[in-house]
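Please keep the sequence and the 3D view at hand while reading the points below.

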Amino acid sequence: MFLIDLSSVRQIQCFEEELKQEAQRRKLEISYLINNAGFAKFCSYGDLSIEESLNMIHVNIDAVVAMGLVCIPYMKKGSHLINIASQASFQPLPYQNIYSSTKSFVRNYSRALNVELKEKGIYVTAVCPGWIKTDLYKRAEIGARKATTRYVGMVTPDKVAKKALKDAKKGKDISIYSLFTKISHVAAKLLPQRIMMKIWLRQQHLDN
């Protein structure tokens, strides 16, 4: 097992060297790359240091791009790259401004990359779940005065993972689990972003 800090470009480069050395010893093929690491803080912009803010971007964006660049050369026709985005990617979210923005990048990047890799027969899927019962919240909740506190429609990870793998095998470029999340996706397409933000603030009791 090779453990690395995904916020460190240097460690990702070391991982790349390990893959190159392994490929020299034997035929190396990557069937699935799943970029699941994520970092969130539920708070206002002023509650975070520069280091914390940039680290969120490094983990949620830089690592996704870097790991793809490192692993795609070893992927073959029929391989899958699965990037975990979020329901938060559908619109800007006040008091999750960095997190939602990074997840929008992941969603758009993944769908565009899927088009670029079609000629190689490699499929890319952006997974956009709603609230999932994981340890993400233990790190995300920092006791901020204004923060996300209402987790509507929370589900367990196994259900999202099962749907994601099923959609990936079908060659879909986006995977959305649960009726609630699908409704949010449609609403974000139909309504102006300022309206979506107002709905979000009201849902979270942050509109006063």
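Phe105 counts as partly exposed in this predicted model, because its relative accessibility is 32%. Phe105 is also a partner of Tyr109 in a stacked aromatic pair.

**Aromatic rings**

- The rings of Phe105 and Tyr109 lie 5.5 Å apart from centre to centre, with an angle of 10° between their planes.
- Phe105 and Tyr109 are four residues apart in helix α3, so about one helical turn separates them.
- A pair of aromatic rings is described by the distance of the centres and the angle of the planes.
- The count of aromatic pairs comes to seven.
- Phe42 and Tyr151 form a tilted pair, because their planes stand at 45°, with the ring centres 6.3 Å apart.
- Phe42 belongs to the loop between β1 and α2, and Tyr151 to the loop between α4 (136-140) and α5 (157-169), so this pair ties together parts that are 109 residues apart in sequence.
- Phe42 counts as buried because its relative accessibility is 1%.
- Ring pairs also join Phe42 and Tyr151 with Trp131 and Tyr137 in a cluster.
- A charged residue meets a ring where Arg139 lies over the face of Phe39, at 4.4 Å from the ring centre.

**Nonpolar cores**

- The largest nonpolar core has 28 residues, and those touching the most other members are Leu19, Cys71, Ile72, Met75, Leu81 and Leu113.
- Two or more residues of this core come from each of α1 (9-25), β1 (30-35), α2 (50-71), β2 and α3.
- Helix α2 contributes the largest share of this core, with five residues.
- Apart from its neighbours within four places in sequence, Leu113 has contacts with Ile72, Leu81 and Val124.

**Pocket and cavities**

- Rolling a probe the size of a water molecule over the atoms shows where empty space is left.
- The largest pocket has a volume of about 870 Å³.
- The lining of this pocket comprises 38 residues, and Ser86, Pro129, Gly130, Trp131 and Ile132 lie nearest the centre of the pocket.
- At least two lining residues of the largest pocket come from each of β2, α3, α4, α5, α6 (179-190) and α7 (193-203).
- Helix α5 gives the most to this lining, with five residues.
- The volume of the largest cavity is about 60 Å³.
- Residues that line the largest cavity include Lys41, Cys43, Leu48, Met56, Tyr95 and Tyr99.
- Helix α3 supplies the most to the lining of the largest cavity, with three residues.

**Individual residues**

- Gln91 is placed in the loop between β2 (75-84) and α3 (97-116).
- Gln91 counts as buried, because its relative accessibility is 10% and the limit for a buried residue is under 20%.
- Leaving out neighbours within four places in sequence, Gln91 makes contact with Ser100, Ala188 and Met196.
- Ile34 is part of strand β1, and Ile34 counts as partly exposed at 46% relative accessibility.
- Between the C-alpha atoms of Ile34 and Leu48 the separation is 28 Å, and these residues are 14 residues apart along the chain.

**Backbone angles**

- Most residues other than glycine have a negative phi.
- Tyr95 is not a glycine, yet it has a positive phi of about 70°.
- The location of Tyr95 is the loop between β2 and α3, and Tyr95 is also one of the residues lining the largest cavity.
- His205 likewise has a positive phi, of about 55°, although His205 is not a glycine.
- The segment after α7 holds His205.
- His205 is exposed, because its relative accessible area is 52% and exposed residues are those over 50%.

Terms used. Residues are numbered from 1 along each chain as its sequence is written. This is a predicted model: local features need pLDDT of at least 70, side-chain atom pairs count only at pLDDT 80 or more; totals for chains, interfaces and linings use all residues. Side-chain values use heavy atoms; hydrogens and water are left out. Buried means under 20% relative accessible area, exposed over 50%, partly exposed in between (1.4 Å probe, protein chains only). Contact means heavy atoms within 4.5 Å. A nonpolar core is a set of buried Ala, Val, Leu, Ile, Met, Phe, Trp, Tyr and Cys residues joined through side-chain atoms within 4.5 Å. Rings of Phe, Tyr and Trp (its six-membered ring) pair if their centres lie within 6.5 Å; planes under 30 degrees apart count as stacked, over 60 as edge-to-face and the rest as tilted. A charge sits over a ring if NZ of Lys or CZ of Arg is within 6 Å of the ring centre and within 35 degrees of the ring normal. On a 1 Å grid over the protein atoms alone, a cavity is a set of points where a 1.4 Å probe fits but cannot get out, and a pocket is an open set with protein on both sides within 12 Å along at least five of seven lines; lining residues have an atom within 4 Å of a point. Grid points are joined across faces, edges and corners, and a volume is the space filled by probe spheres set on the points.
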